[in-house]
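Student: I would like to go through this model with you, element by element. Could we begin once it is on the screen?

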Amino acid sequence: MCSVISRVKPVQRLVAQTLRLCASTEGSSYVVAQRRRFCPGVSYVVVPLRVDRRSYCSRMAMTRGLLFRQLFEAESCTYTYLLADTDTKEAVIIDPVLETIDRDLKLVEQLGLNLKVAVNTHCHADHITSTGLMKKRVVGLKSAISKFSGASADIHLSEGDKITFGRHSLVVRETPGHTDGCTTLVSGDQSMAFTGDALLIRGCGRTDFQQGCSTKLYESVHKKIFTLPDECLIYPAHDYLGQTVSTVGEERKFNPRLTKSMEEFVKIMSNLNLRKPAKIDIAVPANLVCGLHEV
């Protein structure tokens with residue numbers, strides 16, 4: 001690695017050094033994805049330095065003492081997020097999926113974590129949460145979801161509530177529109193936002209079922225998410241194109257739906273003509289009772 005770096009130009013050397021730092025930092029699968037983007041083989045030496053891309057790695061390193069993992073469930077293209085305090089080992093899991101419960105709990109065990117809260121960003125329609133079953137297998141684990149979701153849980157979340165784990169916390173922002181009970185979870189330093197289905201990468205959640213309302217969703221994103229710092233990383237509940245992360249600044253500039261006026265947005269959303277989720281008839285009833293329905 002050092003011999004390669006010594007032969008590149010100064011700006012290119014900085015890129016390589018940044019990637020080397022990211023690779024050694026406890027972090028997410030996104031760091032791996034970024035490293036592949038920058039350096040498939042040795043081609044990274046010709047990639048120009050771009051601050052917005054490099055900031056993903058540096059921003060992750062700035063949250064000291066935070067362990068972060070981004071996990072994926074292929075059938076519903078759902079992201080599950082695991083966050084923990086590296087000192088106390090207290091941890092939180094976001095949007096866990098029934099089919100991947102063994103994988104998730106194995107990782108928790110391997111990392112020596114004390115899982116405190118399993119939180120769902122909303123009542124999902126495309127998969128069954130593993131929260132209920134996870135509570136049966138993890139002593140002391142609490143479930144959490146919005147009080148407006150209509151779902152049972154140990155903790156019902158409202159605007160401004162904090163989910164704490166060690167020195168870290170996630171702050172609740174109510175972002176209805178996809179459903180009445182959608183929440184966005186923002187890290188205490190506002191470097192990361194877990195947006196559920198409210199805001200996706202270059203997209204957003206649909207609004208044609210389950211209390212969906214296009215005007216509510218538009219207002220939620222613009223008032224509760226787009227008001228976060230430009231560099232705040234956006235981690236959605238789903239992605240269908242292999243994208244793993246975005247930023248508030250990017251989505252404010254490039255989101256093809258939410259850069260429009262509200263009137264245009266409502267028109268776009270009313271003409272999507274999407275098929276209903278394949279699992280909606282079993283997922284919604286199950287998720288209303290913490291994922292324990294007919295499991």
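Student: What is the strand order in the open sheet that has S1 in it?

Tutor: The order is S1-S2-S3-S4-S5-S6, an open sheet of six strands with mixed pairing. Two strands count as paired if DSSP finds at least two bridges between them, and the elements are DSSP runs numbered from the N terminus (helices: H or I, at least four residues; strands: E, at least two). This is a predicted model, in which local features need pLDDT of at least 70 and side-chain atom pairs count only at pLDDT 80 or more, while totals for chains, interfaces and linings use all residues. Residues are numbered from 1 along each chain as its sequence is written, and side-chain values use heavy atoms, with hydrogens and water left out.

Student: Which strands stand at the edges?

Tutor: S1 and strand S6 (155-157) do; each has a single partner strand, so one side of each is left without a neighbour in the sheet. From one strand to the next, the twist averages 20°.

Student: What packs on that sheet?

Tutor: Helix H5 (residues 101-110) packs on it, touching S1, S2, S3 and S4. The direction of H5 makes about 160° with that of S1. Axes here are lines fitted to C-alpha atoms, for helices over the stretch in contact, and angles run from 0 to 180 degrees between N-to-C directions; contact means heavy atoms within 4.5 Å.

Student: And the pairing of S2 with S3, parallel or antiparallel?

Tutor: S2 and S3 run antiparallel and are joined by four bridges. Leu83 has Val92 in S3 as its bridge partner. Their hairpin has four residues between the strands, and Lys89 takes a positive phi near 70° there.

Student: How many bridges join S3 to S4?

Tutor: Five bridges join S3 to S4, and these strands run parallel. Ile93 has Ala118 of S4 as its bridge partner, and Ile94 stands opposite Val119 in S4. S4 in turn pairs with S5 in the parallel sense over three bridges, with Val119 opposite Ala144 in S5.

Student: Is S5 enclosed or open, and why?

Tutor: Four of the five residues of strand S5 (residues 142-146) are buried, so S5 is largely enclosed by the rest of the structure. Buried means under 20% relative accessible area, exposed over 50%, and partly exposed in between (1.4 Å probe, protein chains only). S3 is mostly covered as well, with four of its five residues buried.

Student: Moving past S4, where does Asn120 lie?

Tutor: Asn120 lies in the loop between S4 and helix H6 (131-137). Asn120 counts as buried, at 6% relative accessibility. Leaving aside neighbours within four places in sequence, Asn120 is in contact with Asp95, Pro96, Thr129, Thr131, Ala144, Ile145 and Thr183.

Student: Now the other sheet. Which strands are in the one that starts with S7?

Tutor: Its order is S7-S8-S9-S10-S13-S14, an open sheet of six strands with mixed pairing. S7 and strand S14 (246-247) stand at the edges, each with a single partner strand, so one side of each is left without a neighbour in the sheet. Two bridges join strand S9 (residues 183-187) to S10, and these strands run antiparallel. Val186 has Ala193 in S10 as its bridge partner.

Student: Which residues have the most contacts inside the largest nonpolar core?

Tutor: They are Ile94, Val119 and Phe194, in a core of 21 residues. A nonpolar core is a set of buried Ala, Val, Leu, Ile, Met, Phe, Trp, Tyr and Cys residues joined through side-chain atoms within 4.5 Å. Among the elements that give two or more residues to this core are strand S3 (90-94), strand S4 (114-119), strand S8 (168-174) and strand S10 (192-196). S2 gives the most, with three residues.

Student: What does Phe194 touch?

Tutor: Not counting residues up to four places away in sequence, Phe194 touches a set including Phe68, Tyr81, Ile94, Leu170 and Tyr235. Apart from this core lies another of 17 residues, among them Ala193, Cys204, Leu228 and Phe265.

Student: How many disulfides are there?

Tutor: A search of the whole structure finds zero, a disulfide being a pair of cysteine sulfur atoms within 2.5 Å. For Cys123, the nearest cysteine sulfur, that of Cys182, is 9.7 Å away. Cys123 is buried, with a relative accessible area of 4%.
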